[in-house]
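Me: I've got a model open and I'd like to learn how to read it. Can you walk me through a few features, one at a time?

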Amino acid sequence: YANHPIILGIGIDNNFYNAGPGYIWRTYGTYVGGHGIIVVGWDDSKHAFKILNSWGTGWGDSGSLWVDYDIFYNVQDKFHNQKIYFYFLLFLEVLLM
């Protein structure tokens, strides 16, 4: 599974919704709704995963965003009331095999 994206459904907040160039999503604000993202990489120097969004190049940093590692431990999956990191770590484990 190396070199393959990871698809996730997450609960997004106002910080994610309003993200611009250079922004790293580190804190969770007011819940906006559920959304699908694709994790395409990571950078330990940024302490973040790189995600792609479906909202076009006008959102985030040309359609992508850095998400701090720690937010995966804090963001609730509003649809299933489970921590997102459970799903993410499961996929990450498969990816790194």
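This is a predicted model: local features need pLDDT of at least 70, side-chain atom pairs count only at pLDDT 80 or more; totals for chains, interfaces and linings use all residues.

Me: Is D13 buried or exposed?

Reply: The idea is to look at relative accessible area, where under 20% means buried. D13 comes out at 0%, so it counts as buried.

Me: Which residues does D13 touch, leaving out those up to four places away in sequence?

Reply: The list is W25, T27, Y28, G29, T30, Y31 and V32. With W25 there is also a polar contact between the two side chains, at 3.2 Å.

Me: W25 keeps coming up. Where does W25 stand in the sheet?

Reply: Start with how sheets work: strands pair through backbone hydrogen bonds, either parallel or antiparallel. Here, five strands make an open sheet in the order 1-3-4-5-2, with mixed pairing. Strand 1 and strand 2 (24-25) are the edge strands, each pairing on one side only. Strand 2 runs parallel to strand 5, and two bridges join them. W25 stands opposite V67 in strand 5.

Me: Now the aromatics. How many aromatic pairs does a search of the whole structure find?

Reply: Seven. To read a pair, check the distance between ring centres and the angle between planes; over 60 degrees counts as edge-to-face. Take Y17 and W55: their ring centres are 5.5 Å apart and the planes sit at 70°, so this pair is edge-to-face. The pair also links distant parts of the chain, since Y17 is in helix 1 (residues 14-17) and W55 is in the loop between strand 4 (48-52) and strand 5 (64-68), 38 residues apart.

Me: Which residues do the ring pairs link into a cluster?

Reply: F16, Y17, W25, Y28, W55 and W59.

Terms used:
Residues are numbered from 1 along each chain as its sequence is written. Side-chain values use heavy atoms; hydrogens and water are left out. Buried means under 20% relative accessible area, exposed over 50%, partly exposed in between (1.4 Å probe, protein chains only). A polar contact is a pair of N or O atoms within 3.5 Å; within protein, one must be able to donate a hydrogen and the other to accept it, and residues adjacent in sequence count only if both atoms are side-chain atoms. Contact means heavy atoms within 4.5 Å. Rings of Phe, Tyr and Trp (its six-membered ring) pair if their centres lie within 6.5 Å; planes under 30 degrees apart count as stacked, over 60 as edge-to-face and the rest as tilted. Helices (H or I, at least four residues) and strands (E, at least two) are DSSP runs, numbered from the N terminus. Two strands pair if DSSP finds at least two bridges between them.
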